[in-house]
Amino acid sequence: MAPVTAPGMKTVVVTGASRGLGLELARAYIDDRVKEENYAPRWQVVAVHRQHTDVIHGHDRERTDGIDVSKPDASNALGIVLAKYGPVDVLINNAAVCIGRECAVGNVDYRAWTRSFETNVFGAMRVLEAAL
């Protein structure tokens, strides 16, 4: 299937786009506030959330299933989305979890550490693999 990206449009993928920095970065690209060497390209934004994934191009928005980067099938799921919307020009690998107090010496919660590694380390690699 040929990508549906309009000519001249670049694709940015932002993971962890449901709140915080990821959400604000996605909004910045959507609003064309991100400038690149004196011109503002039109950005197609793939905003990846656990609950859903939004693909925004121009004034159009398409919502697809969520992608949990901590899951082994994340690279396949994102790969399907990217096959439809074209190659990735910018990847902002922002999805992360914070384990907080569960990492204190003497109070190590190994399930929390495993969840952290699944998202923060392996999840980032899954997204990168899908983007290549």
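Biologist: Which residues does serine 75 touch, if we're not counting those up to four places away in sequence?
Modeller: In this predicted model, serine 75 touches Arg126, Glu129 and Ala130, once residues up to four places away in sequence are set aside.

Biologist: And where does serine 75 lie?
Modeller: Serine 75 lies in helix H2, which spans residues 74-85.

Biologist: Is serine 75 buried or exposed?
Modeller: Serine 75 counts as buried, because its relative accessibility is 17% and the cut-off for buried is under 20%.

Biologist: OK, on to the largest nonpolar core: which residues touch the most other members?
Modeller: That core has 14 residues, and those touching the most other members are Val46, Val48, Ile67, Leu78 and Val81. Two or more residues come from each of strand S2 (43-48), helix H2 (74-85) and helix H3 (110-131), with H2 giving the most, 5 residues.

Biologist: What is leucine 78 in contact with, leaving aside its neighbours within four places in sequence?
Modeller: Leaving those neighbours aside, leucine 78 is in contact with Val48, Ile67, Val127 and Ala130.

Biologist: Switching to strands, how many bridges join S3 to S4?
Modeller: Strand S3 (residues 52-57) is joined to S4 by 6 bridges, and the two run antiparallel. One of the pairings is between aspartate 54 and its bridge partner in S4, arginine 63.

Biologist: Why does S4 lie largely in the open?
Modeller: Strand S4 covers residues 60-65, and of its 6 residues the number buried is 0, so the strand lies largely in the open.

Conventions:
Residues are numbered from 1 along each chain as its sequence is written. This is a predicted model: local features need pLDDT of at least 70, side-chain atom pairs count only at pLDDT 80 or more; totals for chains, interfaces and linings use all residues. Side-chain values use heavy atoms; hydrogens and water are left out. Buried means under 20% relative accessible area, exposed over 50%, partly exposed in between (1.4 Å probe, protein chains only). Helices (H or I, at least four residues) and strands (E, at least two) are DSSP runs, numbered from the N terminus. Two strands pair if DSSP finds at least two bridges between them. A nonpolar core is a set of buried Ala, Val, Leu, Ile, Met, Phe, Trp, Tyr and Cys residues joined through side-chain atoms within 4.5 Å. Contact means heavy atoms within 4.5 Å.
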